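Here are some notes for a colleague who has not worked with this structure before. Please read them with the model open.

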Amino acid sequence: MQPDTTAGRQRAPLRFATVGSVDDGKSTLIGRLLLDSKSIFEDQLEHIEAVSKRRGNDYVDLALLTDGLRAEREQGITIDVAYRYFSTPVRSFIIADCPGHVQYTRNAITGASTADLALVLVDARHGIVEQTRRHSLLVSLLGVPHLVICVNKMDLVGHDRDQFDAIRQEFTEFAARLDLRDVTFIPISALDGDNVVDRSANMTWYEGPTLLHHLETVYTASDENLIDVRFPVQYVIRPQRADHHDYRGYAGTVAAGTLRPGDEVLVLPSGLTSRIARIDTADGPVDEARPSMAVTVLLADDLDVSRGDMICRPNNHPTPSQDLDATIAWMDSEAPLALRRVYALKHTTRTVRAMITDVHYRLDVHSLHRDTEATELKLNEIGRVTLRATAPLFADDYRRSRVTGSFVLIDEATNQTVAAGMLRTATA
Amino acid sequence: MVTRVAGATAQLEDEAITIIREVAAECERPVLLFSGGKDSVVMLHLARRAFWPARIPFPVMHVDTGHNFDEVIAFRDRTVDLFDVKLIVASVQDSIDRGRVHEDTGPRASRNPLQTVTLLDAITEHRFDAVFGGARRDEERARAKERVVSHRDEFGQWDPKNQRPELWGIYNTRRNRGEHVRVFPLSNWTELDVWRFIAERDVELPSLYFAHHRQVFRRDGMLMATNRHVPRLDGEEPFEALVRFRTIGDATCTAAVESAAFTVDDIVAETAVARVTERGATRADDRISEAGMEDRKRQGYF
Ligand SMILES: Nc1nc2c(ncn2[C@@H]2O[C@H](COP(=O)(O)OP(=O)(O)O)[C@@H](O)[C@H]2O)c(=O)[nH]1
């Protein structure tokens, strides 16, 4: 198979997040994926063989491959998100390896925020447990477009089809309450390698793809929002050089939509309109800019545009607003959310200040129950809030546009990132 | 007008440019670490692409151990002229002369660990608040958890347990006076991606990266170049071999690999099937201990 290209661009790496509880076999699975796809280097393998032997294991502990910082090594668990890279001739992959424990929910949210796909592990012996529900909720909230439920340790349930079907059935019923667009179930044994890279001889009843095949072929191009043109201005380029004397370009990365020279545009917050004169890159002008491309837009008219402004279309643009409705995940271990306290709020390239004026409810991440009595959110808690900002934001609904629908809150005293926010707008 | 037919690294390139622009917009005094090594050369090219047709709006800095390969220093000076950027040289020798650090002696001594002090002193002296580096997460295990924008306190220290969550493509560059952020736009690149970029963008590199005949000797299973800065131990007999370097740092701790890769395309092909990580193969300093890199990073190393 040849690497495919869309619109002249090589396919981007697939970013996937793995979430699992301790002992579900997540590290073993990642080690297996790396090993069987021949992405492990000899010195890495030698290292884990040596450590396994020193610890008295009688097999090579693949989990050691993904084991990073010393604190984690000492405790034997994954705390922070660790990023891994591997590729096959068909696609390259970026894994965000996330801890599963409730105490590290913020890390799982961080890993999921950039993921095209989430991989949740389920122990075939235990089926859907509290953690599975929590992880699936996070995947749903963060709008990860694709979910794979890996039913692991099939070897411990005799590779039993009924067990697998029952788990699938139970999950499907639960997931009806979530916003999951594409769910795939794969029965695997990470330890033995069944259905990870190679098809399992033990589960001939399973006719779906192996995990790696699914990862290689999952179609992500349609996950991009190509409709709503959103170009947050990041940096104004003014060369101040004789050969480019009048050059004034708006550099930025396309958040959504497709921009072309000649397009009518509207700039927020001014509301002024113009036309795209040219779209520049260091290789010269291009005739189209699509989501995630870093380009420089030149306008036909001399408008006063600066960082934090947003270029959109006259008939399709966010309504600037200081009042925001959002689901937020609290991430600060030092202090809980404080009502009416002012935080810095960063949304695309725009930073304003904002306070939370109301907590509508706190979400129970296991039962999905909404506690409307809640007035604060602590570390790892998720809730629906209203915010008031010092200046208007150009907000889209997160479910429609991940880039222009997301923001972070920063504590101005500690500079810590204290919350992740997903905007809700009435129109979506 | 061209339709961009972008290569394998287009998406990673866009991500890196986005990061460079964001930090240049939010920080007052950024600097790019430039050693002449391939990752820093790629960074320099990306910086130029990010601000084209304007000049790169920040200087570059080399932390010079004084034990570099002559070819690399010549390349460094030629390149900064070509890119029309200001070069600041922070010298480890100066730190030694001023008594800021103490130099170990002996055949196995390396100035590599001393660089941390020189780097932090230079950051303070020039009041840099953002330091771009070419480190990648695939290089080493402690780096796998490093943020793209990574906060350093007023002592230059990294606290891996207290890292800021980094969500979506939203980067938190806030810092107090005297603190800075380290910024790693190549975080998501692999060694192969770096070589593909070099191939696609016709990036010039120091000649050491390409196969050449050189006097080497064997130490700890690695091939070290004979060099006036590296005294040999008993039994370390020099011989000639066809080698190239996969990473280039201080001559005292960078080893060569046997290779007949004479061109960038040869190297891309060789890297695609490489069985040993570049640091595992060639960096004597990374072999110190299991947690060697993490410890040095905590103290403020690159
Ligand atoms: N029998 C069996 N054991 C497994 C399988 N996958 C993982 N394990 C074992 O389950 C334990 C926990 O695995 P590990 O990968 O460390 O789990 P993590 O905490 O989710 O990363 C280890 O003893 C593994 O060897 C599997 O498919 N079958």
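The points below cover the ligand, a residue of chain A, and then chain B.

1. On the model itself. This is a predicted model, and every value quoted here should be read with that in mind.

2. Residues around the ligand. The shell around the ligand holds 17 residues, of which D23(A), K26(A), S27(A), T28(A) and D155(A) come nearest. By type, the shell splits into six nonpolar, six polar and five charged residues. Which helix gives the most to this shell? Helix α1 of chain A, residues 26-36, does so, with three residues.

3. A polar backbone atom of K26(A) is 2.8 Å from an oxygen atom of the ligand. Two side chains also take part: K153(A) places a polar side-chain atom 3.1 Å from a ligand oxygen, and S189(A) has a polar side-chain atom 3.1 Å from an oxygen atom of the ligand. Taken alone, the ligand would expose 580 Å², and the protein buries 80% of that.

4. R230(A). This residue sits in the loop that runs between α7 (211-217) and β9 (231-232) of chain A. Is R230(A) buried or exposed? Its relative accessibility is 3%, so R230(A) counts as buried, the cut-off for buried being under 20%. Leaving aside residues up to four places away in sequence, R230(A) touches a list that includes V254(A), A255(A), A256(A), M310(A), I311(A) and C312(A). N316(A), H317(A), P318(A), D396(A) and T404(A) are also touched by R230(A).

5. Chain B as a whole. Chain B has 302 residues, and buried residues make up 65% of them. Its secondary structure consists of nine helices and 10 strands. Of the contacts in chain B with a separation of 6 or more, 73% join residues 24 or more positions apart. The chain exposes about 11,600 Å², with carbon and sulfur atoms supplying 47% of that area.

6. E139(B). In chain B, E139(B) belongs to the loop between β4 (130-132) and β5 (149-152). E139(B) counts as buried because its relative accessibility is 10%. A polar atom of the E139(B) side chain lies 2.6 Å from the backbone nitrogen of R136(B). S187(B) is 48 residues away from E139(B) along the chain, and the C-alpha atoms of the two are separated by 9.4 Å.

7. Helix α6 of chain B. Seven of the 10 residues of α6(B) are buried, which leaves the helix mostly covered. These buried residues are E191(B), L192(B), D193(B), V194(B), W195(B), F197(B) and I198(B). Just after α6(B) comes D202(B), with a positive phi of about 50 degrees.

Methods
Residues are numbered from 1 along each chain as its sequence is written. Chains are lettered from A and ligands numbered from 1 in the order in which they are written. This is a predicted model: local features need pLDDT of at least 70, side-chain atom pairs count only at pLDDT 80 or more; totals for chains, interfaces and linings use all residues. Side-chain values use heavy atoms; hydrogens and water are left out. Helices (H or I, at least four residues) and strands (E, at least two) are DSSP runs, numbered from the N terminus. Buried means under 20% relative accessible area, exposed over 50%, partly exposed in between (1.4 Å probe, protein chains only). A polar contact is a pair of N or O atoms within 3.5 Å; within protein, one must be able to donate a hydrogen and the other to accept it, and residues adjacent in sequence count only if both atoms are side-chain atoms. A residue is near a molecule or strand if one of its heavy atoms lies within 4 Å of it. Accessible areas come from the Shrake-Rupley method with a 1.4 Å probe; for residues, only the protein chains shown count as cover. Ala, Val, Leu, Ile, Met, Phe, Trp, Tyr, Cys and Pro count as nonpolar, Asp, Glu, Lys and Arg as charged, and the others, Gly among them, as polar. Contact means heavy atoms within 4.5 Å.
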